[in-house]
Amino acid sequence: ASLEKVDGVDVVAAASFTGAQMTLPDDSKPGGFIGGIDPETYGQVFKVKMETGELSDIEAGTMAVDRQIAEKHKIELGDEISVVSASGRTGTYKVSAISDEPNLLGQFTLVKADADKLNASPTDAFLGIKLAPGRSVESMRPALEKVTDQYPTMRLQDSEQFTGSIVKQIKAVLNVIYGLL
């Protein structure tokens, strides 16, 4: 809310993640993360690739499933997936879209209100900001830092820095796997 009030900020989109176990149509029960977004604002800030359907197809009571998960478990539009979150909360959601963006959406994605119901302490994992036309990242950085500096766990990153941090995380996981091998 504080970032939305900064002059020059056009849209702020939030994403939350919660751990859960899903029961898929093939009766497998994988663990994973469920993302929670507002599809309208999220689509204005992030360019999300979809395999089938649109980001706007994710509505209350529905979910998007990542393409790789859908292929592996033969999940189709209209299938239902039951969820038990790490906090023990449950829900069942109809598949309304197949995504192809696991870094921005996760393996399973709900509207934020549904995702928040699954989480005992809903929090945002990251925020995306779209600047107003004519505003540059560098000119906006001081005003945005005034807000983010109040929160010690927040890091202000432009799109290149954000992408670089994802690459670093992937490299760290790969190093652990190589070490185990």
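Contact here means heavy atoms within 4.5 Å.

## Basis

This is a predicted model: local features need pLDDT of at least 70, side-chain atom pairs count only at pLDDT 80 or more, and totals for chains, interfaces and linings use all residues. Residues are numbered from 1 along each chain as its sequence is written, and side-chain values use heavy atoms, with hydrogens and water left out.

## Nonpolar cores

A nonpolar core is a set of buried Ala, Val, Leu, Ile, Met, Phe, Trp, Tyr and Cys residues joined through side-chain atoms within 4.5 Å. Buried means under 20% relative accessible area, exposed over 50%, and partly exposed in between (1.4 Å probe, protein chains only). The largest core holds 18 residues, and Met 63, Val 65, Ile 81, Val 83 and Phe 108 touch the most other members. At least two residues each come from strands E1 (9–23), E4 (62–66), E5 (80–85), E6 (90–99) and E7 (108–111), and from helices H2 (67–73) and H4 (112–118). E6 gives the most, with three residues. Helices (H or I, at least four residues) and strands (E, at least two) are DSSP runs, numbered from the N terminus.

What does Met 63 contact, leaving aside its neighbours within four places in sequence? Its partners include Ile 81, Val 83, Tyr 93, Val 95, Phe 108 and Leu 110. Ile 58 is also one of them. A second, separate core of 15 residues includes Ile 58, along with Ala 13, Met 50 and Leu 104.

## Aromatic pairs

The whole structure holds three aromatic pairs. Rings of Phe, Tyr and Trp (its six-membered ring) pair if their centres lie within 6.5 Å; planes under 30 degrees apart count as stacked, over 60 as edge-to-face and the rest as tilted. Tyr 42 and Phe 46 form a tilted pair, 4.7 Å centre to centre with 40° between the planes. Phe 46 also pairs edge-to-face with Phe 126, at 5.9 Å and 90°. Phe 46 lies in the loop between helix H1 (39–45) and strand E3 (50–52), and Phe 126 in strand E8 (126–131), so this pair ties together parts 80 residues apart in sequence.

Tyr 42 and Phe 46 are buried. Phe 126 is buried too. Ring pairs link Phe 17, Tyr 42, Phe 46 and Phe 126 into a cluster.

## Strand pairing at E7

Two strands pair if DSSP finds at least two bridges between them. Strand E2 (31–37) runs parallel to E7, joined by four bridges. Ile 37 stands opposite Val 111 in E7. E4 runs antiparallel to E7, with two bridges. Here Val 65 stands opposite Phe 108.
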